[in-house]
Amino acid sequence: HAFFPAAVPTTMLFWLLALWLLPQAAVCVWPLPAFQRGMHGEPTLLNAKSFRFEATCEASVELSLAFERTLKFMFPHGTGPEKKGALTRFEVCVVVVESGMKYPSLDADESYALNRTTLLAQSIFGAYRGLETLSQLVAFNFSTESYVLLPFVEIRDAPRFRHRGLLVDAGRHFVPLETMKRTVEAMSFTKLNVLHWHLTEDQSFPVVSSHHPELPLKGAFSASERYSTYDVLSLIEFARLRGIRVIPEFDMPGHTSSWRNSHPEIFADGCDAEGRGALDPSAANLTVVYETLADSLALFPDSSIHFGGDEVPINCWNNSKTLTWMADNNLTTFDEVFASFANDLVSFATKEREGAAKKKVVHFWDEAYSAYSSAAASSSDGDLRLPKEDVVIQIWHGDLLGPIRADGVAYVYSPTEYWYLDHLETTWHDMYDVDIPDDALGGEGCMWGETVDPSDLEATVWPRLAAIAEKLWSRRQHRSNDVVDRLRDFRCLLLERDVRAGLVDFDGRDPPPGPASCKAHYFRPTKKVFSW
């Protein structure tokens with residue numbers, strides 16, 4: 001009540017005048033819905049004090065929590081007094097088609113239909129997306145201290161791609177649990193639905209292992225830079241309530257030097273001088289690897305797990321022990337060694353298990369596809385072919401897109417030239433104007449952690465990730481120059497919601513050049529080139 005004068009007029013005439021005086025800006029939902037109709041006309045006054053959602057079909061704890069979050073985002077400036085004649089009730093009907101689907105999945109139905117009084121969805125996940133759209137259609141008039149629902153008649157929406165993600169690298173710089181949750185919350189504002197959690201690296205092993213607690217004990221950066229079982233489950237639940245999957249990545253057989261701190265016996269000889277290692281496929285005792293992976297399969301409920309497979313220093317296998325093992329197993333090339341190792345991982349992950357750790361789909365980086373292709377060409381062993389039905393390839397090398405598509409392999413698109421968020425000079429225009437083939441499962445923006453830590457993660461990721469999110473969600477394809485004003489408005493919304501988004505017109509995490517509005521249009525400066 002403190003935000004409102006004691007003598008605020010409450011006649012309908014006053015409120016109609018207030019609506020007329022409200023700036024009639026275009027509706028700026030991000031990402032752009034598939035279909036919207038009637039986006040002009042008069043806004044609808046909302047009675048924030050008594051406004052409520054009503055579940056008219058299927059009620060659930062998840063839906064009630066979503067209502068609470070949405071009200072917070074709809075009415076950030078307090079609720080004020082009652083307003084006669086204003087809208088107080090919004091119906092949400094969730095027709096639960098996917099019976100028993102507790103966690104989001106690749107096949108979840110995220111479609112929804114929205115009008116001025118009703119939201120209809122086929123699943124809780126569609127309800128999440130529709131409520132986010134609704135929250136972006138509410139505006140606050142500071143002159144009258146009132147909220148309105150911006151004009152629209154109907155929105156019908158569904159994602160273009162099923163897999164829309166962000167990779168967060170927690171192996172090169174530790175990212176605390178609360179920072180991870182802030183990131184997931186911000187992802188939900190753009191309807192992203194996959195957190196790819198890159199957990200282990202050469203530099204650190206920060207995640208709990210019940211079978212081998214020595215791995216994080218000796219592999220983490222420090223005693224406090226670790227994720228407990230509670231941390232992992234807490235993040236998974238936080239993401240679930242926003243319709244976001246959590247896919248962990250345990251990169252191997254390369255990018256594994258942190259494992260060597262506690263288990264040097266599972267490493268190939270000859271890599272110490274480089275400071276990088278590779279697991280020894282000939283090691284008699286790889287039990288520690290599979291027991292650790294069994295922990296992860298039990299801990300993470302998602303149907304997918306990522307085993308990396310990128311940038312393997314295969315020279316590590318050029319030693320007498322591995323070469324002898326190769327000869328004994330009829331393997332003639334290092335690509336065959338990799339394919340054999342990868343097949344063992346796939347077989348392990350795709351076993352039917354009791355409880356939470358059910359059969360998984362295995363994700364690899366695209367080097368795995370190259371190695372499998374080479375192994376299939378050089379070996380007469382049909383078992384070294386890529387098991388397409390159980391594998392998804394994440395493409396980051398653009399020249400592999402054609403062969404992978406032609407081979408009919410399921411893939412996620414993450415082109416390094418455009419969608420690597422740690423490449424600070426890659427603009428959101430570059431990211432937005434990428435053309436994504438329709439046969440992709442989807443794509444991911446990748447936030448690699450070599451030069452990014454929790455202090456600047458958000459300004460590195462946002463608002464550029466929003467460009468990727470819209471390309472993955474919206475079926476209405478535009479070019480970046482058509483949407484720049486809407487992105488500026490969305491950046492202001494991110495800032496209002498306490499997401500520390502960088503500037504639209506500059507490089508990632510560049511500081512503002514001077515005082516200005518969050519919507520200011522800066523002219524991109526010319527970089528100075530120094531010669532010595």
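How many bridges join S4 to strand S6 (residues 118-121)? Select both strands: four bridges join S4 to S6, and the two run parallel. Strands here are DSSP runs (E, at least two residues), helices are DSSP runs too (H or I, at least four residues), and both are numbered from the N terminus. Two strands count as paired if DSSP finds at least two bridges between them. One spot to check is Val94, which stands opposite Ala121 in S6.

Before moving on, note that this is a predicted model, where local features need pLDDT of at least 70, side-chain atom pairs count only at pLDDT 80 or more, and totals for chains, interfaces and linings use all residues. Residues are numbered from 1 along each chain as its sequence is written, and side-chain values use heavy atoms, with hydrogens and water left out.

**Stop 1**

Angles run from 0 to 180 degrees between N-to-C directions, and axes are lines fitted to C-alpha atoms, for helices over the stretch in contact.

Pick Arg37: its bridge partner in S9 is Glu154.

Strand S3 (residues 52-55) runs parallel to strand S4 (residues 89-94), with four bridges between them. Arg52 has Arg89 as its bridge partner in S4.

Which hand does the β-α-β unit of S3, H2 and S4 have? The unit is left-handed. For reference, a crossover is right-handed if, with the strands pointing away from the viewer, the path from the first strand over the helix to the second runs clockwise.

**Stop 1: helices H2 and H3**

Show the side chains. On H2, the contact (heavy atoms within 4.5 Å) includes Leu63, Ala66, Phe67 and Phe73. On H3, the residues include Ile124, Tyr128, Leu131 and Leu134. The residues of this contact divide into ten nonpolar, two polar and two charged. Nonpolar means Ala, Val, Leu, Ile, Met, Phe, Trp, Tyr, Cys and Pro; charged means Asp, Glu, Lys and Arg; the others, Gly among them, are polar.

**Stop 2: the three-stranded sheet**

Select S2, S8 and S7. They form an open, antiparallel sheet in the order S2-S8-S7. Strand S2 (44-46) and strand S7 (138-141) are at the edges, each with a single partner strand, so one side of each is left without a neighbour in the sheet. Neighbouring strands are turned by 40 degrees against each other on average, direction ignored. S2 pairs with strand S8 (residues 146-149) over three bridges. Leu46 has Tyr147 as its bridge partner in S8.

**Stop 3: helices H8 and H10**

Select helix H8 (residues 287-299) and helix H10 (residues 334-349). They pack at about 40 degrees, with axes 11 Å apart. That makes H8 oblique to H10. Their crossing is right-handed. Tyr290, Leu293, Ala294 and Leu297 of H8 meet Asp344, Leu345, Phe348 and Ala349 of H10. Seven of the contact residues are nonpolar, none is polar and one is charged.

**Stop 4: backbone details**

- Trp30 to Pro31: a cis peptide bond, omega near -5 degrees. Pro31 is in the loop between helix H1 (12-21) and S1.
- Trp462 to Pro463: a cis peptide bond, omega near 5 degrees. Pro463 is in the loop between helix H15 (457-461) and helix H16 (464-473).
- Lys191: phi near 65 degrees, a positive value in a residue other than glycine. Lys191 is in the loop between helix H4 (177-189) and strand S11 (194-198).

Notes:
Angles under 35 degrees count as roughly parallel, over 145 as roughly antiparallel, 65 to 115 as roughly perpendicular and the rest as oblique. A crossing is left-handed if the near helix is turned anticlockwise from the far one by less than a right angle, and right-handed if clockwise.
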